[in-house]
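User: I'd like to learn how to read helix packing and ring pairs in a model. Could you walk me through one?

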Amino acid sequence: MDDDVLVRKSWEKTARLGGPVDLYVHIPFCKSICSFCGLLSRKLVSSGEIDRYLDSLDAEARILAPILSARKLTGVRIGGGTPSLLSAVQLKRLFGTVFGAFRLE
């Protein structure tokens, strides 16, 4: 069984559990890496990295949207690294992906 099928099955199982759903969007980029940080992050080299990451988030949202379609999200959390590294255009794209794919309470 390939990874996509395993991930999809895991999300389907989670969706059947019920209860509130919060969406966490991890932005793994920083200007520099702090010695104390334990989060998955990397130093941002170019803005193009963020655009490619947003492409991946959009693809993942399209996979998850039908699985979570019967569930309302109670919140959206954005963290990571340093989400403020996203430009206004990139933030607009990120929120367009989230609000386009998922129903929020």
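This is a predicted model: local features need pLDDT of at least 70, side-chain atom pairs count only at pLDDT 80 or more; totals for chains, interfaces and linings use all residues.

User: What span should helix 1 have?

Analyst: The expected span is 1.5 Å times one less than the number of residues. With its 14 residues, helix 1 should span 20 Å, and its end C-alpha atoms are 20 Å apart, which agrees.

User: How are helix 1 and helix 2 oriented to each other?

Analyst: Start from axes, which are lines fitted to C-alpha atoms, for helices over the stretch in contact; angles between N-to-C directions run from 0 to 180 degrees. Angles under 35 degrees count as roughly parallel, over 145 as roughly antiparallel, 65 to 115 as roughly perpendicular and the rest as oblique. The axes of helix 1 (residues 3-16) and helix 2 (residues 47-67) come within 10 Å and cross at roughly 40 degrees, and the two helices are therefore oblique to each other.

User: Which residues meet there?

Analyst: Taking contact as heavy atoms within 4.5 Å, Arg8, Trp11, Glu12 and Ala15 of helix 1 meet Ile63, Leu64 and Ile67 of helix 2.

User: And how do helix 2 and helix 3 compare with the angle classes?

Analyst: Their axes come within 9 Å and cross at roughly 5 degrees, with helix 3 covering residues 88-101. That makes helix 2 roughly parallel to helix 3. Among the contact residues are Leu54 and Ala61 of helix 2, and Leu94 and Thr97 of helix 3.

User: How many aromatic pairs does the structure hold?

Analyst: Rings of Phe, Tyr and Trp (its six-membered ring) pair if their centres lie within 6.5 Å; planes under 30 degrees apart count as stacked, over 60 as edge-to-face and the rest as tilted. The structure holds 2 such pairs. For Phe29 and Tyr53, the ring centres are 5.6 Å apart and the planes are at 85 degrees, so this pair is edge-to-face. The pair links distant parts of the chain, Phe29 in strand 2 (residues 29-30) and Tyr53 in helix 2, 24 residues apart.

Note on methods. Residues are numbered from 1 along each chain as its sequence is written. Side-chain values use heavy atoms; hydrogens and water are left out. Helices (H or I, at least four residues) and strands (E, at least two) are DSSP runs, numbered from the N terminus.
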